[in-house]
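Keep the model open while reading.

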Amino acid sequence: MHDLLTFDCVKSMNFLQNIKKKYGDGNYAGDQFGGAGGHDGSGLPDDNPGNFMFATGIECSYPTIGKGKIRRDQLRECGHYDRWKEDLGLVKETGLRVLRYGLPYYSIHKAPGKYDWSFADEVMNEMKRLDIMPILDLMHFGVPDWIENFQNPELPVHFADYAGAVAKRYPWVRYYTPVNEIYVTARISGKDGVWNEQLKTDKGFVTAMKHAVAASIMGTQQIARHRNDCVIVQSESAEFTHELCATPSAETALDNELRFLSLDLLYANAPSATVLMYLLDNGMTRKEYEWFMAGKPPGYQIMGNDYYGRNERIKLQDGSIQTSMDVLGWYEITKDYYERYKLPVMHTETNVFEADQAVIWLHKQWISIMRMRQDGVPVLGFTWYSLIDQIDWDIQLAEVKNHVNECGLYDLNRKPRPVCEAYKNLLKQFGQITIVPHAEMLEITERPARLKVAM
């Protein structure tokens, strides 16, 4: 009778009362393994290979200006050659584990088959000692003097040799950006007349474009020979031009299509008929086009989008251009790129030149990333670019004015700017989130990349 009364008493409770009686008021055993009491993703980044990659970069551009007579080497101008050890220490001090880092291709590759590794070896050894994971940037807006510029059809072969030599020398490196911002490289060198060959023609643009894309493809092939599980982070500028005109011009429409051209050629994505005719009219042969369309390059491919407010422009009725600063923003523009290529995404560069605006800009970029993740897009990482301030980027390095752009986490004296503390706070809040929820099941494999078919 007593047992029956007890059973009837238990039955009279609601399910929650029964749970509380048996197991208490929450924090149940087992919840720490991804349940209600599981980890929320806060805490500084750790070494879980399924984790989101928080990164910074060291500005390393080295185009030539003045008809090839002046080399704008940002590693030199910003003091990195003298303070590289201190700079790597700042990466660790900030709490970051990932660094976009560009070796100075123009000074390492002395001649066909001849390399000077003296600076690279020192830096790479220290990076390995500090357990900093580099995304190694192999060509950043310039080439060695003996190659001359991006009009040289031998560039893809010479660069492929260099990429293979780097991968062989540093076999522990897995992440690469073979050629940084191919579209920007080709446009500013071949069409805007600012860097390197300083041409202002459509043919110059197309020639630089096809040589730089071919260099990236051939370089990636050589990297994959030595590291068949390589992860290739293509870093490309996310662009858009808005036109305030009742009848938009064909020129603007073409520009908004050409922003995809480097990735279309790289990922074997057939561009529109308009773009194809433009290519054929400006020096690309049918055989060259078919070569680009043969298939994607090897390795695990990540589509990196660089976004600065100045990437968006408003074209007025008189043809003048204004910087529009964040009309669509990284989220909307990158969504266009993602829908086109369906590849994992990384926010590979951002900053503002005004130090007092940097914190709010950082927060806006992070909100865009969270929104993209909530939409189910696999966003693998974020980069505040760069670690230290830059020089003359407000004029695209066109002249040597030595004007400091206050866009770094640290200034040129290596003192932290307010955005550095804001980034550290982001790391504390989100530093251990995974690429997608429960990505512990999907940790980045060390197996060779094999499958290229989109399902």
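## Charges over rings

A charge sits over a ring if NZ of Lys or CZ of Arg is within 6 Å of the ring centre and within 35 degrees of the ring normal. R340 meets this over the face of F260, at 4.1 Å from the ring centre. K191 places its charged end over the ring of F205, 5.6 Å from the centre.

## Basis

This is a predicted model: local features need pLDDT of at least 70, side-chain atom pairs count only at pLDDT 80 or more, and totals for chains, interfaces and linings use all residues. Residues are numbered from 1 along each chain as its sequence is written, and side-chain values use heavy atoms, with hydrogens and water left out.

## Aromatic pairs

Rings of Phe, Tyr and Trp (its six-membered ring) pair if their centres lie within 6.5 Å; planes under 30 degrees apart are stacked, over 60 edge-to-face, the rest tilted. The structure holds 23 aromatic pairs. W117 and Y162 are stacked, 6.5 Å centre to centre with 10° between the planes. W117 lies in the loop between strand 6 (114-115) and helix 6 (118-129), Y162 in helix 7, 45 residues apart. Helices (H or I, at least four residues) and strands (E, at least two) are DSSP runs, numbered from the N terminus.

Buried means under 20% relative accessible area, exposed over 50%, partly exposed in between (1.4 Å probe, protein chains only). W117 counts as buried at 11%. Y162 is buried at 0%. W291 and F292 form an edge-to-face pair: 5.1 Å between centres, 75° between planes. W291 is partly exposed at 41%, while F292 is buried at 3%. Ring pairs also link F52, F54, W366, F382, Y423 and F430 into a cluster.

## Backbone geometry

Most residues other than glycine have a negative phi, and most peptide bonds are trans. E148 has a positive phi near 80°. It sits in the loop between strand 7 (133-137) and helix 7 (155-169). E148 is exposed, at 58% relative accessibility. A268 has a phi near 55° and is partly exposed at 25%.

A cis peptide bond joins Y385 and S386, with omega about 25°. S386 lies in the loop between strand 15 (379-385) and strand 16 (390-391).

## Strand 10

Strand 10 (residues 240-243) is covered on both faces: F240 and H242 on one side, T241 and E243 on the other, are all buried.

## Cysteines

The structure holds 0 disulfides (cysteine sulfur pairs within 2.5 Å). C407 is in none; its nearest cysteine sulfur, that of C78, is 8.3 Å away. C407 is buried at 1%.
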